[in-house]
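Open the model in your viewer and keep the sequence panel beside it. The stops below say what to select and what is there.

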Amino acid sequence: MRKAEDSAASRRLKRITVVRSVRDPRKGFLKAGAALFPCALGRSGVVVDKREGDGGTPRAELPLRRLFFRGDRMSRPASLLPARRIGPRDAWCDDTADRRYNRLIDRPPGQAEERLARADHLYDVIVELGWNDAPVRRGRGSAIFWHLARPGFTPTAGCVAVDRHVFAKVLPRLARSCTLVVR
């Protein structure tokens, strides 16, 4: 049995790659092993010098930090990533003047910030990407996630977005220390 576990661990993906489309810079492809999936990118495409509110997806090697999921809408996705159920008070601080900038915060419903418990389904599954978090630099961008896409893969505010079935296929294959490389 140990040999089978070691074999499965050696096949886990340590890197997934996102490349932008040559036809539309706001769309791209996520490559996980030999599989290729369409994805949505930020409304400004892939950017090198990421700034808060610019709508760009940062060109970088981004560690996968945590998995968040809507437990009221789905069961915990299969993954080795640390996982957390999204609660009604969960938000992500995008206020550059706040000392908690680019961090998960506790906010009563209705207050500003990037709410994680959304009415739509975009954040039913979220993977926190390690952007501007070690150390945090104010104004360099916040709330960069890998999440669910809107119909037609319309642009995001700077995240990478895929269809729901992609998470079901890819999350169980990821190594605990996987990175997402945006080119």
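Start by selecting R70 and D72, whose side chains meet in a salt bridge with an N to O distance of 2.8 Å. This is a predicted model, and the distances here come from its coordinates. D72 counts as exposed, because its 53% is over the 50% cut-off. Side chains of opposite charge can pair when their charged atoms come close.

Next, select E114 and R118. These two also form a salt bridge, and their closest N and O atoms are 3.8 Å apart. R118 is partly exposed at 23% relative accessibility.

D49 is partly exposed, with a relative accessible area of 43%, and R51 is partly exposed at 38%. How many salt bridges does the structure hold? The count is 16.

Now zoom out to the whole chain and switch to a cartoon view. The protein chain has two helices and 14 strands. Its C-alpha atoms fill a box of roughly 50 × 40 × 35 Å along the principal axes. For 183 residues, a compact globule would have a radius of gyration near 16 Å, and the chain agrees with this at 16 Å. Of the 183 residues, 47% count as buried.

Turn to the surface and select R20, K31, R59 and R183. They gather in a patch of positive charge. R20, one of the four, is found in strand β1, residues 13-20. At 45% relative accessibility, R20 counts as partly exposed.

Then select V19, F29 and L36, a nonpolar patch on the surface. Together these three side chains' residues have about 250 Å² of accessible area. L36 lies in strand β3, residues 35-40. Is L36 buried or exposed? L36 is exposed, because its relative accessible area of 53% is over 50%.

Select A134 and P135: the peptide bond from A134 to P135 is cis, with omega near 0 degrees. P135 is found in the loop between β11 (125-129) and β12 (145-148).

Stay in the loop between β11 and β12 and select A143, which lies there too. Phi of A143 is near 55 degrees, a positive value in a residue other than glycine. A143 is buried, with a relative accessible area of 9%.

Finish at N102. Where does N102 sit? Its place is in the loop between β8 (90-92) and β9 (104-106). N102 is not a glycine, yet has a positive phi of about 60 degrees. N102 counts as buried because its relative accessibility is 6%, under the 20% cut-off.

Methods
Residues are numbered from 1 along each chain as its sequence is written. This is a predicted model: local features need pLDDT of at least 70, side-chain atom pairs count only at pLDDT 80 or more; totals for chains, interfaces and linings use all residues. Side-chain values use heavy atoms; hydrogens and water are left out. Patches are made of residues with over 30% relative accessible area and no salt bridge: like charges are joined within 9 Å, nonpolar side chains (Val, Leu, Ile, Met, Phe, Trp, Tyr) within 5 Å. Accessible areas come from the Shrake-Rupley method with a 1.4 Å probe; for residues, only the protein chains shown count as cover. Lys and Arg count as positive and Asp and Glu as negative; His and the chain ends are not counted. The place of a charge is taken as NZ of Lys, CZ of Arg, CG of Asp or CD of Glu. Helices (H or I, at least four residues) and strands (E, at least two) are DSSP runs, numbered from the N terminus. Buried means under 20% relative accessible area, exposed over 50%, partly exposed in between (1.4 Å probe, protein chains only). The radius of gyration is taken over C-alpha atoms; the globule rule is 2.2 Å times the number of residues to the power 0.38.
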